[in-house]
Amino acid sequence: MGTLGRAIYLVGSWIRVAGQTVDRVGCTLQGSHLFQEQVSRHRTLMNLFDKDPVIDKDAFVAPGASVIGDVQVGCGSSIWYGCVLRGDVNSISVGSGTNIQDNALVHVAKSNISGNVMPTTIGNNVTVGHGAVLHGCTVEDEAFVGMGATLLDGAHVEKNAMVAAGALVRQNTRIPFGEVWGGNPAKFMRKLTEEEIAFISQSATNYTNLAMVHAAENAKGFEEIELEKALRKKFARKDEEYDSMIGVVRETPVELTLPDNILPDKAQKTAA
Amino acid sequence: MASLSRLTRKTLTTHRHLLSRALATEAVAVKQSPPPPSSVKITENPDRVKWDYRGQRKIIPLGQWLPKIAVDAYVAPNVVLAGQVNVLDGSSVWNGAVLRGDLNKITVGFCSNVQEKCVVHAAWSSPTGLPAETMIERFVTVGAYCLLRSCTIEPECIIGQHSILMEGSLVETHSILEAGSVLPPGRRIPTGELWAGNPAKFVRKLTHEETLEIPKLAVAINDLSKEYFNEYLPYSTIYLEVEKMMKSHGISI
């Protein structure tokens with residue numbers, strides 16, 4: 001850094017100080033209505049005293065989710081944006097390959113009231129849809145809890161069973177193997193077909209792959225984000241027809257290609 | 001005096017903490033803690049971030065897909081937009097909503113609003129002939145806690161709170177869904193009707209006055225969103241806080 005650079009740096013810092021002063025003047029003019037912004041204090045994983053969440057290294061937990069207390073999440077699972085897993089009075093265990101989609105809530109019932117302990121256990125390859133509420137219930141492997149469903153205390157969803165969207169499963173209901181329950185309160189609707197059972201496990205796999213992409217994106221540091229912004233800007237005006245006319249081949253940079261395992265039987269689309 | 005009391009409290013609490021911690025470990029040792037019900041071994045990643053000082057990013061690009069927000073659209077600070085999301089002008093997305101267009105496109109049209117805690121997602125494919133993207137057209141009011149998945153909502157509709165619209169459902173112009181209704185996959189709501197219930201059923205036809213009210217509601221919410229929009233400066237001042245924090249921890253900026 002030469003002397004000139006140093007001088008410019010110094011002038012820059014003066015101007016910044018001036019800017020902050022102007023900012024402060026503006027704040028005082030706004031007076032008591034002003035809200036001073038803070039660094040995010042949201043804790044993605046939070047312990048309660050000695051109950052630590054145990055998260056597998058291959059699980060995706062969105063930074064906007066909150067996982068509190070005695071929670072175990074197995075490998076390949078994903079906790080999506082805005083979820084709350086609150087294992088404060090009892091334990092929550094989530095198996096492997098399970099996805100708990102956005103804005104869902106998993107909570108537990110008070111332990112040891114009238115002698116029954118109700119931890120929440122969610123098995124492997126379970127799909128829990130958006131906005132579902134699971135409260136002190138058991139969901140076995142490869143079950144499907146639809147969007148906005150509510151499972152109250154002691155509900156038990158057996159293997160390959162399905163709770164339809166918007167259903168409310170009352171206390172201590174047991175949903176048998178391979179049945180679909182829906183409505184409020186939840187009642188038996190029909191049997192699941194073989195295809196649907198296959199689809200449930202397929203959707204769990206898809207979600208595991210999708211979660212990896214999101215995990216990679218959310219884990220990026222500031223420099224990486226800025227770099228990709230620049231790359232995106234550079235390649236935004238890419239038009240394949242034009243390129244072929246003037247005979248250049250432009251490769252999409254590696255950073256901007258998604259792994260193709262998230263979209264089965266769908267070709268990688270370019271940005272619109 | 002106050003500092004002294006604080007000090008004593010501090011020492012006491014730390015002691016109690018240690019003591020109970022020791023007791024807890026002893027109790028665990030005595031109890032021979034039962035093995036977790038899941039047979040899988042969980043290997044923890046010691047580097048997993050427990051607290052990200054940046055919080056949740058609002059705009060999450062995936063590959064080449066960058067969510068686009070129009071200049072006069074209001075998107076609340078804790079909304080998550082991921083992938084192919086288009087928030088067109090005059091629309092508003094309120095707190096706690098998640099718009100996740102990682103499999104397909106999501107469009108929030110002119111002057112529409114997606115209210116608190118909604119989840120809008122798109123599936124791979126839709127069971128009907130419709131494209132599997134989620135289209136919310138102009139002057140649509142989507143109430144709080146709604147869950148939308150690959151559905152098409154045509155202009156000037158109202159979706160009541162806590163409604164669930166599943167894959168490939170279609171709500172045609174000037175319709176109203178009551179609160180708490182569930183639209184099963186592939187269901188269509190014809191023009192100018194009021195539907196309600198789980199699963200949704202026809203209630204009655206809408207009168208002409210009611211259909212005129214629908215865009216007015218959307219515009220009213222748009223006006224409200226303007227107030228919110230003016231509350232936020234184009235750039236936040238958090239970077240100053242972060243710089244302060246880094247300085248106090250001795251990290252060079």
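**A salt-bridge network**

Begin by selecting A:E217, A:K220, A:E228, A:R232 and B:R57, which are linked in a network of salt bridges. The coordinates belong to a predicted model. Over all chains, the count of salt bridges comes to 19. As a general principle, side chains of opposite charge can pair when their charged atoms come close.

**From chain A to chain B**

Next, select A:R16 and B:E243. These two residues form a salt bridge, with the closest N and O atoms 3.1 Å apart. The pair crosses between chains: A:R16 lies in helix α1 (residues 3–30) of chain A, and B:E243 in helix α3 (residues 238–249) of chain B. Is A:R16 buried, partly exposed or exposed? A:R16 counts as partly exposed because its relative accessibility is 43%.

Now widen the selection to everything where the two chains touch. Here 62 residues of chain B are in contact with 70 residues of chain A. The area buried between chain B and chain A is about 5,600 Å², and carbon and sulfur atoms give 55% of that area. On the chain B side, highlight B:R48, B:Q64 and B:W124; these residues lose the most area to chain A, together 14% of what that side buries.

How many salt bridges are counted between chain B and chain A? The count is three. Between chain B and chain A there are also 18 residue pairs in polar contact, both residues being at pLDDT 80 or more. To colour the chain B side by element, pick those that give two or more residues to the side touching chain A: α1 (2–31), β4 (80–87), β6 (98–108), β8 (119–121), β11 (147–149), β14 (164–165) and α3 of chain B. Which element provides the largest share of that side? It is α3(B), with seven residues.

**Along helix α2 of chain B**

Move to B:T207, in the loop between β20 (201–205) and α2 (208–231) of chain B. B:T207 counts as partly exposed because its relative accessibility is 37%. For a sense of scale, display the C-alpha atoms of B:T207 and B:I59: the two residues are 148 residues apart along the chain, and these atoms are separated by 41 Å.

Then select the whole of α2(B). At 1.5 Å a residue, its 24 residues should span 34 Å; the end C-alpha atoms are 37 Å apart, which agrees.

Which residues of α2(B) are buried? They are B:T211, B:I214, B:P215, B:A218, B:I221, B:N222 and B:S225. An α-helix has 3.6 residues a turn, so residues three or four places apart point the same way.

First, show the side chains of B:E210 and B:R204, which meet in a salt bridge (3.2 Å, N to O). B:E210 is partly exposed, with a relative accessible area of 25%, and B:R204 also counts as partly exposed, at 35% relative accessibility. Second, show B:E213 and B:K216, whose side chains meet in a salt bridge at 3.7 Å, N to O. These residues are three residues apart in helix α2 of chain B, so they are separated by about one helical turn. B:E213 is partly exposed, with a relative accessible area of 44%, whereas B:K216 counts as exposed because its relative accessibility is 52%, above the cut-off of 50%.

**Chain A and the confidence of the model**

Return to chain A and show it as a cartoon: chain A has four helices and 20 strands. Of its 272 residues, 45% count as buried. Among contacts in chain A with a separation of 6 or more, residues 24 or more positions apart account for 24%.

Finally, colour chain A by pLDDT. The mean is 82, and 88% of the residues of chain A reach 70 or more. Which element of chain A has the lowest mean pLDDT, and which the highest? Helix α4 (residues 240–246) has the lowest, 73, and strand β5 (residues 78–79) the highest, 91. End at residues 264–272 of chain A, over which pLDDT stays under 50 and for which the model has 19 contacts beyond four places in sequence. Where pLDDT is low, the predicted coordinates should not be read in detail.

How values were computed
Residues numbered from 1 in each chain as written. Chains lettered and ligands numbered in written order. Heavy atoms only, no water. Buried < 20%, exposed > 50% of the residue type's maximum accessible area, 1.4 Å probe, protein only. Expected span 1.5 Å × (residues − 1). pLDDT = per-residue confidence, 0-100. Contact = heavy atoms within 4.5 Å. Salt bridge = Lys/Arg side-chain N within 4 Å of Asp/Glu carboxyl O. Buried area = accessible area lost by both parts, 1.4 Å probe. Polar contact = N/O pair within 3.5 Å; in protein donor to acceptor, adjacent residues only side chain to side chain.
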